Amino acid sequence: MSAEATTHAGHASSLPISHEKVGMISFLVTEAAFFTTLIMSYLYYIGKSKTGPQPADVFEDISVTIISTVLLLSSSITVHLADGAFKKGKHSVFVRFWFLTIALGVAFLVGTAIEWHGLIFEHDLTIATNFFRHDLFHSGRFSRFPRDARRADDEYSLLSGPVATRPARQDGKCGVGFVVLAFC
Amino acid sequence: MAIAEPESAIVSRPLPSILHEWVTTVDHKKLGIMYIIAAFIFLVIGGIEAALMRWQLIRPAEEILSPDTFNQLFTMHGTTMIFFVVMPLLIGMANYVVPLMIGARDMAFPRLNAFSFWLYLFGAIFTYYSFIAGGAPSIGWFAYAPLTEKAFSRDSSTDYWILGLLISGIGTVGGGVNFIATILCLRAPGMKLSKVPLFVWIILWTAFLIVVAFPPFTAAQIMLLFDRHLGSHFFDTQSPGASALFWQHLFWFFGHPEVYILALPAFGMISEVIPVFSRKVIFGYESVAMATAGIGFISLGVWAHHMFSVGMSRPLDIYFSGATFLIAVPTGIKMFNWLATMYGGKIILKTPMLFALGFLSMFLIGGLTGIMLAAQPVTEAVTDSYFVVAHFHYVAFGGILFAIMAGFYYWFPKMTGKILNESLGVWNFWFLLVGFNLTFGPMHISGILGMPRRVYTYHMFRPEWEIWNLLSTLGVLVQAIAFAIFFWNIYVSLRWGEPAGDDPWDAWTLEWATTSPPPVYNFETVPEVKSRRPLWDLKHPDDPDWKFEHF
């Protein structure tokens, strides 16, 4: 890296908090915007899959999910405590909470792996699982957003050529709700 | 006063050493210049794409380009101009001047700054690599579903579009985070937020829009990638329950704030140039600042005015139409502020001011046609016609690019130590003004006459379109001359231009308090600020502004 790399030593923050914290808060805002979009997508698509498995089918027993969530949230507390101990120079306390955080993280990953194993191998729920019927495509999709679909057709023909060249309609497979949920 | 590195020392160094210094730099000034150079290169590329399209449309049934090539060209032209030209130009100029304007040594996170630049550049190169890898994307710059689905875009061109913009978008978000931290935390002592230059204030709001509006686009791009490669069907209308409409919502939730991500910094540049060249304090600093905040918030709630023709419910049409009318209010406030600043001022018609005046008049036209399009029935009538193309070019080119030119002529002396040649600057302005209006003015008429956008040709039985298309194409030639003069001016001025001195415009903000170009560390001592015009206070200790500012 260039020798001209700068620091801001000597330039006191114009706010009561440091620029590092402001940067991290801004970054968290971007994360919140990102995940809000995914959650909105989940809400938008929920219930639109007409064949199973539905969320209610695969989340009958959510004990693993709850335990994993508790472990994940607990790791936030322990890493905070580790950080506090580090700043106070309490090395042994820091090491204790640091490894506890790692253990909680590993436990969360194991719980998630168990959960995903069940979803994929017991419920056959992958990103491309849920089958939608063609009759539903005509009766439900076109009647709900007729102009939307028509506009999509118009765009296609305007941009790329006659509709007759369009490839044959394919079977739809969708697990969008699950995918978004997994992201969240 | 700070001492700059002697120019001869830089010139005498071997090329690899100079290149290494630039490639590894984390200095906001060098990164700003690299943003600007890269953006100018893409400006030429995007301009050539536009010229090819205009050449194809010069008369009916022309066969210079194939339909598919034409589709690729308008996709890449829009994508390039929005993401690889205008935004990096604005970010680059902000990168250069914001730390100087607030008396900071650098951006808050210099390495993140460099990372953002390289992500932008490699994202852009990646997108353009599609030309070599079998063909550029042909999906339009807003990539409407289901055209982007695997069934309709079978090759990898759409993937290049998605991934290229995703990469450069992450860089942009990094830049947004960096600007927020820099402006909030690294201001000079005494520079309260109520005293920052308006350009800085506006960049803060632009950064806010970036961190809020870009991530939804990133999320939508990832969902689209899942559709194309992992078998999901978010936007594939061939699958029941999937929705092309939802892509439009996600895209325009980003896309409309994006218009203001581009427009707000342009407003900021104009807010710096007009007072200096009118020899007056900006009229209504507070109202410009509040109008910026108003635009920032309202712009997040108007996105679906791009979707009037998809058939939303009547209440939604009414809401989005009303919100769009509403956003014209703060924008209009700024126009009155700029006009009132000039009123009674001692106007100096140097090139930066000429471009600022060009901005005012062209952006006014773009704004007025925008108000027309805010009315849903008007949009129904002219949607996807050349009228819309004319509207957004009057906003994005006549408005934003003219403002960028004003800012570039204004800050070029600070960046290089040389003033751009004034005569060439005036020629540049008039050729661009005439060429721009000749190109895009007729599009209003051809659009109202029913000519759809994105068609690669038109039939002989529409002779009423022919003259307007001919004029538009001739306008491109005039613009090409204007840009040739512009780049020649840069070359001539860098080589033989007169030294600028530290403060060639007798300006008032802090960037003019250091040398041209500034040293690596910007300021030898961090200046103390007491008013909104700190350099005025230094120059006029007998009549400082702070005596009259009470906030």
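**Close-ups of a predicted model**

**View 1. How much of chain A is tucked away.** Of the 184 residues in chain A, 33% are buried (under 20% relative accessible area, with a 1.4 Å probe and protein chains only). This is a predicted model, where local features need pLDDT of at least 70, side-chain atom pairs count only at pLDDT 80 or more, and totals for chains, interfaces and linings use all residues. Residues are numbered from 1 along each chain as its sequence is written, chains are lettered from A and ligands numbered from 1 in the order in which they are written, and side-chain values use heavy atoms, leaving out hydrogens and water.

**View 2. The elements of chain A.** Count along and you'll find seven helices and two strands (DSSP runs: H or I of at least four residues for helices, E of at least two for strands). Starting at the N terminus, the order is α-α-α-α-β-α-α-β-α.

View 3. A cavity is a set of points on a 1 Å grid over the protein atoms alone where a 1.4 Å probe fits but cannot get out, and its lining residues have an atom within 4 Å of a point. Look for Met87(B), Phe179(B) and Thr206(B), which are among the lining residues.

**View 4. Who builds that lining?** Helix 4 (67–101), helix 7 (198–229) and helix 8 (244–278) of chain B each give at least two residues, and helix 4 of chain B has the largest share, with four. By type, the lining has nine nonpolar residues, one polar and no charged.

How values were computed. Buried means under 20% relative accessible area, exposed over 50%, partly exposed in between (1.4 Å probe, protein chains only). On a 1 Å grid over the protein atoms alone, a cavity is a set of points where a 1.4 Å probe fits but cannot get out, and a pocket is an open set with protein on both sides within 12 Å along at least five of seven lines; lining residues have an atom within 4 Å of a point. Ala, Val, Leu, Ile, Met, Phe, Trp, Tyr, Cys and Pro count as nonpolar, Asp, Glu, Lys and Arg as charged, and the others, Gly among them, as polar.
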